[in-house]
Amino acid sequence: MLNPQRSLSELPKMSAASQVERAVLEEEFNWLLKEEVHAVLKQLQDVLKEASRRFSAPTPGLETQLKQENFILGSSTMDQVKGVLTLQGEALTQADINLKVAKSSQVLHFQFREDKLWKLQQIQDARNHVTQALQLLSSRDDSYHFKTGAEVNKLMDAVMLQLTRARNRLTTPASMTLPELATSGLMKMFTPPMPGDVMVNFYINLSKLCLTVYQLHVLPPNTTKNFKPAGSSVLHNPGAMFELNNNRFEVSHVHKVECVVPWLNDTLVFFTISLQLCQQLKDKISVFSSFWNYRAF
């Protein structure tokens, strides 16, 4: 049986110990808000500046530190499509493509017109999200005093949202319909012009730069074949059908070639590191918040 007198006599001691613990936690938490948060923000800025540096776009008429990199597409096992792509930051500045036409020995050769370059929207968007994350971080310089953990969490959530969106743009290529591909500005980039039965698409998938070439054939107007237009997709398969300018087409052959872009891989690593830093800071704040629920931590 509990001794009431003993329990009562111990209460002040427990309360005093609790007060000391609370005071220590309060001091540690204030140090976290004043010192450690800013140290993490500085780390985040350093990592994201490295990511941003790799994304920088060439400016027409100005010198750029970004080197042009050539990437060879194709392999010895699949030689229907071969090519060399020149990438400078977010821009494809040249594409040189050879396509061996199915059912014949004919080789078609296309390259970008000299007055054209193709901006890869995925890289542009990812870069913009990194820029927004950096702007959020720089809005809280060393002199700024965070008053609550909730304020830090709000900033971390906003930064993490931008980083997640940036990563998703590189890991999730946009879906397109076949008519959208056929009427894309990309089809007007080449010399000689692409024939009406060939379509191409460039996109990023993780750290890979991908080229897909579609060969088409026109379906007869009086075809008895069940015509079912294909929906939106990253990669369309042979047999996919679509209608454009009152003509019906079917995809007869699909060729996909790709190459690894090392700096895109670096960038994805930077995103992972940055997201981990944000989450670790949130976790530290949640540890303190569990000790006093009455405060808007």
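The sulfur of C259 lies 7.9 Å from the closest cysteine sulfur, that of C210, which is too far for a bond. The model is predicted, so local features are reported only at pLDDT of at least 70 and side-chain atom pairs only at pLDDT 80 or more, whereas totals for chains, interfaces and linings use all residues. Residues are numbered from 1 along each chain as its sequence is written, and side-chain values rest on heavy atoms, with hydrogens and water left out.

**Cysteines**

A disulfide is a covalent bond between the sulfur atoms of two cysteines. With the criterion of a pair of cysteine sulfur atoms within 2.5 Å, a search of the whole structure finds 0 disulfides. C210 is buried, at a relative accessible area of 0%, and C259 also counts as buried, at 11%. Here buried means under 20% relative accessible area, exposed over 50% and partly exposed in between, with a 1.4 Å probe and protein chains only.

**Backbone geometry in the loops**

Most residues other than glycine have a negative phi, and most peptide bonds are trans. Helices (H or I, at least four residues) and strands (E, at least two) are DSSP runs numbered from the N terminus. A cis peptide bond joins T191 and P192, with omega at about -10 degrees. P192 belongs to the loop between strand 6 (190–191) and strand 7 (198–205). N245 lies in the loop between strand 9 (241–244) and strand 10 (247–260), and N246 is found in the loop between strand 9 and strand 10. The table gives their values.

| Residue | Phi | Relative accessible area |
|---|---|---|
| N245 | near 50 degrees | 67%, exposed |
| N246 | near 65 degrees | 74%, exposed |

**Strands**

Two strands are taken to pair if DSSP finds at least two bridges between them. Strand 9 and strand 10 pair in the antiparallel sense over 4 bridges, and E243 stands opposite R248 in strand 10. An open sheet of 4 strands has the order 7-8-10-9, with antiparallel pairing. Strand 7 and strand 9 stand at the edges with a single partner strand each, so one side of each has no neighbour in the sheet. From one strand to the next, the twist averages 35 degrees.

Strand 1 (residues 69–73) pairs with strand 2 (residues 81–88) in the antiparallel sense, over 5 bridges. In a regular strand the side chains alternate between the two faces of the sheet. The bridge partner of I72 in strand 2 is V84.

**Helices**

Helix 2 (residues 121–138) has 18 residues and reaches 26 Å from its first C-alpha to its last, close to the 26 Å expected at 1.5 Å a residue; the expected span is 1.5 Å times one less than the number of residues. Its buried residues include I123, A126, V130, A133, L134 and L137.

The axes of helix 2 and helix 3 (residues 149–171) come within 8 Å and cross at roughly 165 degrees. Axes are lines fitted to C-alpha atoms, for helices over the stretch in contact, and angles run from 0 to 180 degrees between N-to-C directions. Helix 2 and helix 3 are therefore roughly antiparallel to each other, a term for angles over 145 degrees. Their crossing is left-handed, that is, the near helix is turned anticlockwise from the far one by less than a right angle.

Note on methods:
Angles under 35 degrees count as roughly parallel, over 145 as roughly antiparallel, 65 to 115 as roughly perpendicular and the rest as oblique.
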